[in-house]
Structure formats: C-alpha cells, structure tokens
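Keep the viewer open as you read.

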Amino acid sequence: MIDFDIPADLAALRDEIRAFVNDKVVPYESDPRLTRHGPDDGLRAELVELAREAGLLTFQAPKRFGGREPSHREQAVLFEAAGWSTLGPVALNCAAPDEGNMFLLGKVANTEQVEQFLLPVIDGHQRSVFAMTEPGGAGSDPNQLNTTAEFDGTDYVINGHKWLITGAHGARTWIIMARIAPNPHGGDGPTLFLCEGDTAGIELERVMNTMDRNYVEGHGVVRLTDLRLPASAVLGEVGQALRYAQLRLAPARLTHCMRWLGAASRAQSIAIKHARERTAFGKPIGEHQGVSFMIADNEIALQQCRLAIWWACWTLDMGDRGTGRHESSMVKAYVSEELFKVADRCVQILGGIGISDETPVGMIFSDMRAFRLYDGPTEVHKYAIARQVLR
Ligand SMILES: Cc1cc2nc3c(=O)[nH]c(=O)nc-3n(C[C@H](O)[C@H](O)[C@H](O)COP(=O)(O)OP(=O)(O)OC[C@H]3O[C@@H](n4cnc5c(N)ncnc54)[C@H](O)[C@@H]3O)c2cc1C
C-alpha cells in the first residue's frame, strides 16, 4: 500500500539538480556578494543565468508557465536536492519568498496580473515580496493587521508599517496585506493588493541586521504612506487575504522543510567526514561513543523528517482530503525543531571550526534558527494543532 520508490525520471532530475548545485553553485558560497543581508541581486542574477543555461530554472512552475509542475511529493525530492547549498534555491528560483508568491499568484491572479507580476518572476528577471508582518500588528496573529486601505471612490489609499519583509530591497512584484474598513462602496476586511515596488508611497526605511543570510537582499522595514492603488490592484477578492495566505502557507511551509532538509543533510555529510578524519585520545572522534551517537541521532532525525514531509505532501497531492493545513502545521513544527538540533550537533562534532566559515555548517546553523519562527513559530503551530485536536 505504501511505496517509497522514487521513479527513474524523478531520480534523474534529482541527480541533475544535485550535480548542478554541487558543481556550479557551491563555489559561490565564498563569494563576497553573499553579504550579511543575504545574496545581493548581482549574485542572484548570475546564479539564475547558470540555472537557465542548465535548463533547470523555476522547475517547480506549472506547465502552462513553462515549468515541469512536479506534484508535492515530487517537489519533496527535488527541493531537498536544491537545498544542499543555501544558494541552490536562489539559483534555481525556488527560494522563499518568490516560490510561495509564484504559487499564490498562479492560483489567484487574473490574466493581466499574471502577465505583469508573475511571468517576470517565473523568468527570474524580477523578485517578489509578501508584506504582512507589522511592528505591533500582524505577526503570529494576522488578525491584528493594522495596515489600512481606504477606498475613496476611485482608488484604495494604503497606510501602514511593515517589517521583516524578505527581499523588499529591489523587489518589483509586491503583494501587500491591508485591511479595508467597512464602507458604502463594497466589501471589507483583510485584502491582498498587487503593485510595483517603485510605486510612490512605498518607502524602504532600512534593511534589518539579522542572524540569517540566505535570503536575497535580507529583510526590510517598510513604510506605506498614502500608497494609491486602483481597484484592479486587488489580488483575488476583497476580504479574502487570510484565506489566500493559508492557501500559500500550507505548501510553502513544506517547501521550507524540504530545502532545510537538504541543508541539514549537507551539514551531516561534513560532520561525518570530520568524525572519520579528526582524531582525539588515540582514535578518530567518530569512534568515541559520544560522537557516534550524535551522528546516529542525526541520521534518524533526517530520515524521520523526510518521511514526515512526504506524508504531508501526500495529503496535499490527494487534494480532496482537505487543505493540508493541519498536516503541514504538524510537519513544520516537528521538522524545524529537529533539523535545528541536527545542525547544532554538526557544529558540536566539528569543534571550534563549527562556528567558523571554514565550512558551511556554521552558516547553515545560524540561517536555520529563523526557520522555527517564520511561516508560524513552533508554539503557534502547537496552539493550532491542540485546538484542532481538542475541538
Ligand atoms: C527570516 C524571516 C523572514 C520573514 N519574512 C517575512 C516576509 O517576507 N513577509 C512577512 O510579512 N513576514 C515575514 N516574516 C515575519 C514572520 O511571519 C513573523 O516573524 C511570524 O509570523 C511571527 O510573528 P512575530 O515575529 O511578530 O512574533 P510574535 O507574533 O510577536 O510572537 C512572538 C512569540 O510569541 C509566541 N506566541 C505567539 N502566539 C502564540 C500562541 N498562540 N501560543 C504560544 N505562543 C505564542 C511564540 O513563541 C512567538 O515566537 C519573517 C520572519 C523571519 C524570521
């Protein structure tokens, strides 16, 4: 009944992605354009061209947009291969937030919006942002949304303050969440708007200094002041922002899990090599039980995470069995906690060099810390899971 076989064509594509990331992308990990605010746009553009040449760019896109449209289970295999380097998904154009944004726009955007805002992102020529989180407002609880959109009879006028907005610096396609107040002209409630990043009224106040550096151009603080958008800028239907955010989040949480599984596997492979080669107290450190147990715990955790991801993907592939919201919540909470422990043990096995940039393990560890926070902190997932179970 349960079949874990990976079909030959999927395995071939996985191996192609793996070889591309290992041979072409890994050498860029020491490029100075990988800054404390993540890879800059110049580095991203160069990597994207390599993936284009290799015929692997945006492989996850729907067939109608030129992609290969893998199922969720197939994505689990392919995104893990892409995540071997934190720059892999950037090159292949399957990194956050673009990957989740492309998914959402593919589901909800109308023909004109697809043309203007989605296709250039799929082509790798421009980036996108999803602007929800606010200082003092929307965060774990999106119902606290403070950004307002007032319809003046002609345009929506948007005012608010956002932060932690990944890739805000230089992105062209902007998805902004704002609350429309009850009004005589139409619907109200949290709504998504689509616009160009250089529209008057959008001001990038600063790029935040954070402990991760895997997202292109880091995370921005953004002021929205009298941002005027026409009614045609509404993405989907008025008042449906939270439903659309959930539509985006269930698969997006899982693709985060897949990419980080690839990165954690890389850290484990480096730790294994070190445990074989480094000696202490008369033998390779891997022969000391303390180290061998850490290696074994990692191996068990990696495989458990892989199976959990595949299971949640299966529920999404089944479609008619629900949204996968509950399943993706469970898997995201579990995988983000477990993979972080894997990365931590890898740092420990490496000794002092574990916290240096002599290997990518230190970077994987600090980049991965944020994974337990975004797309729902662990506690919020547990809160939602318990509510569902207790209902
Ligand atoms: C690397 C990174 C990238 C991000 N990119 C984006 C982006 O592109 N766009 C965007 O809009 N946002 C982005 N975010 C923001 C992210 O969505 C929020 O950090 C997340 O939703 C949590 O909100 P918050 O930071 O305001 O934490 P808060 O809501 O202030 O929560 C703080 C802590 O309170 C606890 N908590 C909250 N609710 C509960 C509960 N019900 N039960 C128990 N404990 C609870 C949790 O421990 C939580 O970590 C990003 C965040 C990070 C770290």
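E69 sits in the loop that runs between α2 (41–53) and α3 (72–82); helices here are DSSP runs of H or I with at least four residues, strands are E runs of at least two, and both are numbered from the N terminus. Before going further, note that this is a predicted model, where local features need pLDDT of at least 70, side-chain atom pairs count only at pLDDT 80 or more, and totals for chains, interfaces and linings use all residues. Residues are numbered from 1 along each chain as its sequence is written.

Back to E69: its phi is positive, about 50°, although the residue is not a glycine. In general, most residues other than glycine have a negative phi, and most peptide bonds are trans. E69 counts as partly exposed because it has 14 C-beta neighbours inside 10 Å. The cut-offs run like this: with C-beta atoms placed from the backbone, a residue is buried if 20 or more other C-beta atoms lie within 10 Å of its own, exposed if 12 or fewer, and partly exposed in between.

L164 also has a positive phi, near 65°, and is not a glycine either. This residue lies in strand β5, and L164 counts as buried because 21 C-beta neighbours fall inside 10 Å. P97 belongs to the loop between α4 (88–92) and α5 (98–108).

Now use β5 (residues 155–166) as a guide. It runs antiparallel to β4 (residues 148–151), with 4 bridges joining the two; strands count as paired if DSSP finds at least two bridges between them. T148 faces N159 of β5. The β4 and β5 strands make a hairpin with 3 residues between them, and G153 in that turn has a positive phi of about 100°.

What does β5 pair with besides that? It also pairs with β9 (residues 219–230), antiparallel again, over 9 bridges. Along this pairing, T166 has H219 as its bridge partner, while G160 stands opposite L224.

## Domains and the ligand

Zooming out, the chain is assigned domain 1 (8–95), domain 2 (128–239) and domain 3 (242–390), with bounds that come from an automatic or database domain assignment. The centres of domain 2 and domain 3, taken over C-alpha atoms, are 31 Å apart. Their contact takes 10 residues from domain 2 and 9 residues from domain 3, where contact requires C-beta atoms, placed from the backbone, within 7 Å. On the domain 2 side, the residues divide into 5 nonpolar, 3 polar and 2 charged. The classes are simple: Ala, Val, Leu, Ile, Met, Phe, Trp, Tyr, Cys and Pro are nonpolar, Asp, Glu, Lys and Arg are charged, and the others, Gly among them, are polar.

Which residues come nearest to the ligand? Of the 19 around it, they are M132, G139, S140, P377 and E379, and being near takes a C-beta atom, placed from the backbone, within 6 Å. Domain 2 and domain 3 each give at least three residues to this shell. By element, β3 (128–131), β5 and α11 (378–390) each supply at least two. Sorted by class, the shell holds 12 nonpolar, 5 polar and 2 charged residues.

Terms used:
Contact = placed C-beta atoms within 7 Å.
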